[in-house]
Each structure stands twice: as C-alpha cells, then as structure tokens.
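My entries follow the order in which I looked.

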Amino acid sequence: MKRFVYADNAATTQISDPVLGAMLPYLKEHYGNPSSIYSLGRDARRAIETARQKTAAALNASPAEIYFTGSGTEADNWALKSTLEVLLPKGKNHIITTNFEHHAILHTCKHLERQGCKVTYLPVNQEGYVTPEQVKAAITPETALVTIMYANNEIGTIQPIPEIGKVCREAGVLFHTDAVQAVGNVPIDVEAQCIDMLSLSGHKIHAPKGVGALYVRKGIRMVNLLDGGAQERNHRGGTENLTSLVGLGTAMENACAGIPERAARVARLRDRLIDGILSEIPCSRLNGGREQRLPGNVNISFEAVEGEALLLRLDMNGICGSSGSACTSGSLDPSHVLMAIGLPHEIAHGSLRLSLNEYNTDEDVDYILQTLPGVIQYLRAMSPLWKPREA
Ligand SMILES: *Cc1c(COP(=O)(O)O)cnc(C)c1O
C-alpha cells in the first residue's frame, strides 16, 4: 500500500503543533508593532523578548547575545562579513573554514576573497570530519575568524566543535559555527564549547521558514546588517517578524529539551534504515562516518543510478528525499560535499539523502525498505552503466 513518507527533514520541517499554537494569536489579535508605546505594542515587544530569552537559554547564552535574522543564511553572511569588516583594519584578513560548508558560508567566503581576504578551506577526511589539529596548524597572525559547521547538512557528520573552540580560544581567534543542522540534535552550550558566534534557522526545527538567529558573544563588535530603526539593538532595522519570532522561541525551547531521548529514538530508525538499505541493495555505500553522525541522517550512494531519476521514482511512491546530484541545483557538478569526501563523480551522482526526525516511524522505515530496492533495480535495468554482477 502506498504511503506518504517525508524523509527530507534536513531540507525543512513541518511546523509543530505547539509552535503553531504559540504563533496563531500573533497573526490575528496581537498584531501590535513591537516598537509602539501602547499596550498592544508592548505585548508584542514582550513576546519577542520572551522568544529571545528562550533562544538564549537553549544555547546557554544571555538574551543580549541573540540577534534575530531572516534566515540561517543571513546569520552566516552577517557573522562573516561583519567580523571581517571590523578586523580588516587591524590587519586580520584571513578566514579558516572547511571545503564542505553550506553554500551560505562558502559563497560568502568567495565574496570576501574578491574583497581581498584570504581563505583556507581545510579538507575533510573521507569520513567527513575535520580535526582541531588541522585548525590549529592553519591559524596565522592574520587569522580573523574560524568558521566550521557543527554538523554537515548532507552527510550528517558532527564536527569536534568544543575541541575546535578551545583551539581558537587559546589562539585568540574568533570562532563561528553554522549550527543550523545541529540545533535540537546535539546539546549546545556556547560557554562550555568556546563558541563566539553561532547561526541557527527556524525551519529546520519546526518553526516557520524565513526566520533565524545569530548568537554573538558579549563584547564582539557587530557592523549593522540593516541600517534603519532601532530593532535588534540598532543592528538590524526593520519591523520584526513578530509571529515567526514567537514560533522560533517555542521551537528552540522544544528542540533543546530532551535531546538525548529524542536523538536515541531517531538514531534507532536511522540505523535500521542504513543497515536495511546496505544489506538489501548491492553496490551501495554509506557516505559520512557512522559514529559522530546526526541522529536522522542517512546518505547512501548507489552505483549506476542517477540521483534525480531516483528522487522522481521515489516521489511517485510517496517518498520525499533529496540527492547530491545535478540538474535540480542548476549545475552539472555533483555535490561539493560528496566531492570533498573523495567520491568519484559517477558515484556522487547516484546519492540519496534521507533525513528522519521524531515525526518518522518504524512504518516509514519499513515502507522505504520495501520500496527502494525495487526502484533501484528498475533504474539499473535501464542504465547503460550498470553491469549486473554475481551477488
Ligand atoms: C538550511 C541550512 C542553512 C540555511 O538556512 P536558511 O534558513 O534556509 O537560510 C545554512 N546552513 C546549513 C548547514 C543548513 O542546513
């Protein structure tokens, strides 16, 4: 029987019932401008500051260290561009990052290179990890910022962020992490983990799309992102996205409570899915290491399969997944993440990411395991690249 299985939670998530419930009043009766003086406006202001407190508490930060943004991408851009603008006049023009960051980081680095900055793109190993030793060796007196993602969005590998934070702190270099995929999956404590700046996004944790936040440690100077009104402590003018910020606060509170139990539950589904696929489908391989891995991330390559064709066949069967393959992204190059871990082009093109969360069930995993082998067999039967071999 056909089911609908949403297994693309790394792309976006559904708004949860508690988040929706918290937001609804602010779409209708509580419509005040947070900057207005009368009680309707003051109520709105209070709601935003409550969301800020919840976001801060979830990271062990203080509310004054949280800036709300319009997305995770915006938080990433702001962290990098502001830091370099502040530190360039002090002779610091060097950034250290990895070669498998999200494009919000990589393309911002490219932009900064065109402005005269130097960027070191640390290679990750074949399992998809970077080490604190690599970071330490790359730091120079010119280094302004180290930016390394907490967890990779394609292959789910979790980086040794506390250890990297310590290296940066000891060297006196600012440390930013794109934690969009990690929030809600890994316990985050910006104090204990020596994180100076951190980006997060609402729609990956059951809040609406188009809202995010940047944590900035107290004392770090920020260049205004948007000149205008006094919102976000004068740094990002524009009337706040009240409803979505209320949603983000609730989502942060829920995402960062009970992580170990939720992660264990999702990881069990993930492991069933990985083991089932690898044992049922010949010539398949898992991308990214198994140990330090996001609880919901499955990323598997299939020889002689084209990723986009695979996604379309899965969609016909009611399964939503994603691929590191070409066309949809408007480019012929396969995913830079899969290239970074050393996959050959033709293998990278046949990759499938299934990202689970706490809304997925054993029945979802059963259904994927029933459906996927037949889809792969069908595609391989049509592929000129597929050479059937003995099992
Ligand atoms: C989704 C994602 C982003 C971008 O967040 P948006 O809110 O969609 O702009 C940045 N980094 C990572 C790792 C992501 O997964």
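**Basis.** I am working from a predicted model, in which local features need pLDDT of at least 70 and side-chain atom pairs count only at pLDDT 80 or more, while totals for chains, interfaces and linings use all residues. I number residues from 1 along each chain as its sequence is written, and the side-chain values use heavy atoms, with hydrogens and water left out.

**Cores.** I looked up the nonpolar cores, meaning sets of buried Ala, Val, Leu, Ile, Met, Phe, Trp, Tyr and Cys residues joined through side-chain atoms within 4.5 Å. For burial I use relative accessible area, with buried under 20%, exposed over 50% and partly exposed in between (1.4 Å probe, protein chains only). The largest nonpolar core has 62 residues, and Leu-59 and Ile-188 are the ones that touch the most other members. Setting aside residues up to four places away in sequence, I find Leu-59 touching Ile-66, Ile-188, Asp-189, Val-190, Leu-198, Leu-200, Tyr-215 and Met-252, where contact means heavy atoms within 4.5 Å. There is also a second, separate core of 27 residues, which includes Val-266, Leu-273, Val-298 and Ile-300.

**Helix pairs.** I take helices (H or I, at least four residues) and strands (E, at least two) as DSSP runs, numbered from the N terminus. Axes are lines fitted to C-alpha atoms, for helices over the stretch in contact, and angles run from 0 to 180 degrees between N-to-C directions. Angles under 35 degrees count as roughly parallel, over 145 as roughly antiparallel, 65 to 115 as roughly perpendicular and the rest as oblique.

How do α9 and α12 pack? Helix α9 (residues 307-316) meets helix α12 (residues 362-382) at an angle of about 135 degrees, and their axes are 10 Å apart. α9 is therefore oblique to α12. On the α9 side I noted Ala-309, Leu-310, Arg-313 and Leu-314, which meet Leu-372, Val-375, Ile-376, Tyr-378 and Leu-379 in α12. By class this contact has 8 nonpolar, no polar and 1 charged residues, where Ala, Val, Leu, Ile, Met, Phe, Trp, Tyr, Cys and Pro count as nonpolar, Asp, Glu, Lys and Arg as charged, and the others, Gly among them, as polar.

Helix α3 (residues 72-87) and helix α4 (residues 103-114) pack at about 30 degrees, with axes 9 Å apart. α3 is therefore roughly parallel to α4. Thr-73, Asp-76, Asn-77, Leu-80, Lys-81 and Leu-84 in α3 meet residues of α4 including Ala-104, Ile-105 and Thr-108. The contact of α3 with α4 has 6 nonpolar, 4 polar and 2 charged residues.

**Single residues.** Most residues other than glycine have a negative phi. Asn-234, not a glycine, has a positive phi of about 75 degrees; I place Asn-234 in the loop between β8 (212-216) and α7 (242-255), and it counts as partly exposed at 47% relative accessibility. Ala-304, also not a glycine, has a positive phi of about 60 degrees; Ala-304 sits in the loop between β10 (297-302) and α9, and it counts as buried because its relative accessibility is 15%.
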